[in-house]
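Thanks, everyone. I'll keep this short. Please look at the screen.

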Amino acid sequence: MEERMGEVLTAARDAASLRAIVAKDTMKALVYRGPGFKALEEHPKPVIQASDDATVKLVKTTICGTDLHILKGDVPTCAPGRILGHEGIGVVESAGAGVTMFNLAIKC
Ligand SMILES: [Zn+2]
């Protein structure tokens, strides 16, 4: 893991900043808290659970029409507490052993 972390940091534009972010166990998350309510909260970072999982540290993100409908309460299957956001560009931070199409530190 230490060697993989080194690869991430080597590729980063601002290695010191990325090192501090990667070292944290938490991340900022936009959370749906019911119709018309959202919050920016600190949440645990996701972890690899299956060999084909990967985690991506987002560097740029946005919200889309789906997120706007969720925030208005138009999507009854989306319960309060859901972390929003599925549009982004980031750097692969960790990957399971079965991930072969992406390398650590690659932008995706
Ligand atoms: Zn979308």
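Start with A95. It sits in strand β4, which covers residues 87-95. One thing first: this is a predicted model.

So, is A95 buried or exposed? A95 is buried, because 21 other C-beta atoms lie within 10 Å, and 20 or more is the cut-off for buried.

Which residues does A95 touch, leaving out those up to four places away in sequence? They are A54, F102 and L104. Now find S51. A95 and S51 are 44 residues apart in sequence. In space, their C-alpha atoms are 7.7 Å apart.

Step back to the whole chain. It has 108 residues, and 8% of them are buried. A95 is one of the buried residues. How many helices and strands are there? The chain has 3 helices and 4 strands. Read from the N terminus, the order is α-α-β-β-β-α-β.

What about contacts along the sequence? Take those between residues at least 6 apart. Of these, 58% join residues at least 24 apart.

Strand β1 is residues 26-32, and strand β2 is residues 38-44. In which sense do β1 and β2 pair? They pair in the antiparallel sense, over 7 bridges. Look across the pair at K28: opposite K28, in β2, stands E42.

Conventions:
Residues numbered from 1 in each chain as written. Predicted model: local features only at pLDDT ≥ 70, side-chain atom pairs only at ≥ 80, totals over all residues. Pairing = 2+ DSSP bridges. Helix = DSSP H or I, 4+ residues; strand = E, 2+ residues; numbered from the N terminus. Buried ≥ 20, exposed ≤ 12 C-beta atoms within 10 Å, placed from the backbone. Contact = placed C-beta atoms within 7 Å.
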